[in-house]
Amino acid sequence: MLQLTKTAIEAALAGAAEIMDVYDNHDFQVQTKEDNSPLTIADVRAHNIIKKHLEETGIPILSEEGAQIPYEERKGWSRFWLVDPLDGTKEFIKRNGEFTVNVALIENGTPVLGVVYAPVLQQIYFGDLENGAFLAQHISPAETPETISPRTEKLPIAQQRETLNVVASKSHLNEETKNYIAQLEQSSDRPVKTVSIGSSLKLCLVALGEADVYPRFGPTMEWDTGAGHAVVKAAGKKVMQVDADEELIYNKENLLNPFFVVK
């Protein structure tokens, strides 16, 4: 598992290097995909380099930018890489820095390893079910697993605060989310505070311990959550389906996630 984690970190850093070249140096154009989500040259370049790194493992790859693999082919996969080369393309376009590179390893429908790297924030979250979850900060895309390893903190990091912190998406604060927060305000013995951040960093805030809960009552795809879900699980927490007493399941025929709560 440690070797696969190392490979996933190397792939995420290489993808981020491609993204930052576009972010820093190009007046990039934005295309619109069939589902009306934005696509930039950074997404494509990151996908290509991440795929190249992961192919060396011999494990199949399902990436947002290569998601046309038929279910008939992938349903037989007991193990595969799940990749979002650029999670938070809207944040990338806005240049607010809150975008990530997501690389996850899925086994029998469960995330067992994940890397979430935010290159502008210079934060890398990673973890697996055998060794736990970690955060390293001030990490540039030029780093290596060897230079990152001595600078990690084990997650969650114990924090004492007077508020119950709820993660809510900046762009998806719908009625269901407002109602969920209102219920927390009624039942909690602490004041409820809402914190917002982009991309899969929302899951990572719960793994870190900076947030207590992240309710998501809006559409997400499997590649949006796989890596963050793995980090959450490695930190001893869960990503539960709203209407079922089980965690999110991966490699479904329809790759759309049901609504979920992270805590």
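Okay, so a nonpolar core here means a set of buried Ala, Val, Leu, Ile, Met, Phe, Trp, Tyr and Cys residues joined through side-chain atoms within 4.5 Å. Keep in mind that this is a predicted model.

Let's start with the largest core, which has 36 residues. Leu82, Tyr125, Leu155 and Val262 are the ones touching the most other members. Who supplies it? Quite a few elements give at least two residues each, including strands β4 (79-87), β5 (100-107) and β6 (110-118), and also α8 (222-234). The biggest giver is α7, with 7 residues.

Now look at Leu82. Which residues does Leu82 contact once we leave aside its neighbours within four places in sequence? Among them are Leu62, Val103, Ala104 and Ile106, plus Glu222, Trp223 and Gly226, and Tyr250 too.

There's another core as well, apart from the largest one. That one has 35 residues, and Ile59, Ile61, Trp81 and Phe92 are among them.

Okay, on to α8. This helix has 13 residues and runs 18 Å from first C-alpha to last, close to the 18 Å expected at 1.5 Å a residue. There is a bend, though: about 25 degrees, at Gly228.

Is α8 mostly enclosed or open? Well, 12 of its 13 residues are buried, so the rest of the structure largely encloses α8.

Terms used
Residues numbered from 1 in each chain as written. Predicted model: local features only at pLDDT ≥ 70, side-chain atom pairs only at ≥ 80, totals over all residues. Heavy atoms only, no water. Buried < 20%, exposed > 50% of the residue type's maximum accessible area, 1.4 Å probe, protein only. Helix = DSSP H or I, 4+ residues; strand = E, 2+ residues; numbered from the N terminus. Contact = heavy atoms within 4.5 Å. Expected span 1.5 Å × (residues − 1). Bend = angle between axes of the 7 residues up to and from the residue.
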